[in-house]
Amino acid sequence: MRLSAEVKSPDPMNDADRVHTERLVLRPPSIDDARSISALMTPEVSRWLASWPPAVDLELAGRRIAEAQAELDAGRGVDWVIERRDVEDVIGWICISQSVV
């Protein structure tokens with residue numbers, strides 16, 4: 001399946017958009033993460049997340065990544081995937097967004 005989302009891939013050589021800890025890296029999602037995100041969002045996981053449907057296919061994961069990039073570009077939020085440093089494996093997603101009152 002071809003992803004139609006037009007998403008900028010983060011520059012892997014630019015650490016300015018990443019947060020490093022001893023065990024984890026938080027970084028902007030890239031279209032290359034769509035498969036991992038789709039696999040992570042099982043019904044057992046997404047039932048605890050109000051903003052994700054029970055099943056996330058590759059196309060929806062790509063759209064979510066594109067939406068995250070649009071929110072960042074508009075200055076409304078920052079999304080990061082959470083990756084284990086030792087295996088560079090995506091294990092989650094976190095978002096910080098601006099609340100409009």
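This is a predicted model: local features need pLDDT of at least 70, side-chain atom pairs count only at pLDDT 80 or more; totals for chains, interfaces and linings use all residues.
The lining residues are P28, P29, I65, A68, Q69, L72 and D79, and the space they surround comes to about 50 Å³. How many cavities of 30 Å³ or more are there? The count is two.

In soluble globular proteins, nonpolar side chains tend to be buried together. Here the largest such core holds 13 residues, and I37, W52, V56 and W93 have the most contacts inside it. Three elements, α1 (34-40), α3 (58-73) and β4 (89-97), each supply at least two of its residues. Once again α3 gives the largest share, this time five residues.

Which residues does I37 touch? Leaving out residues up to four places away in sequence, I37 touches W52, A61, I65, V81 and W93. You'll remember I65 from the lining of the largest cavity.

A search of the whole structure turns up one aromatic pair. The partners are W52 and W93, with ring centres 5.5 Å apart and planes at 75 degrees, so we call the pair edge-to-face. W52 sits in the loop between α2 (43-46) and α3, while W93 belongs to strand β4, so the pair ties together parts that are 41 residues apart in sequence.

Is W52 buried or exposed? Its relative accessibility is 10%, so W52 counts as buried. W52 has one more neighbour to show you: R64 lies over the face of the ring, 4.3 Å from the ring centre.

Terms used: Residues are numbered from 1 along each chain as its sequence is written. Side-chain values use heavy atoms; hydrogens and water are left out. A nonpolar core is a set of buried Ala, Val, Leu, Ile, Met, Phe, Trp, Tyr and Cys residues joined through side-chain atoms within 4.5 Å. Buried means under 20% relative accessible area, exposed over 50%, partly exposed in between (1.4 Å probe, protein chains only). Helices (H or I, at least four residues) and strands (E, at least two) are DSSP runs, numbered from the N terminus. Contact means heavy atoms within 4.5 Å. Rings of Phe, Tyr and Trp (its six-membered ring) pair if their centres lie within 6.5 Å; planes under 30 degrees apart count as stacked, over 60 as edge-to-face and the rest as tilted. A charge sits over a ring if NZ of Lys or CZ of Arg is within 6 Å of the ring centre and within 35 degrees of the ring normal. On a 1 Å grid over the protein atoms alone, a cavity is a set of points where a 1.4 Å probe fits but cannot get out, and a pocket is an open set with protein on both sides within 12 Å along at least five of seven lines; lining residues have an atom within 4 Å of a point. Grid points are joined across faces, edges and corners, and a volume is the space filled by probe spheres set on the points.
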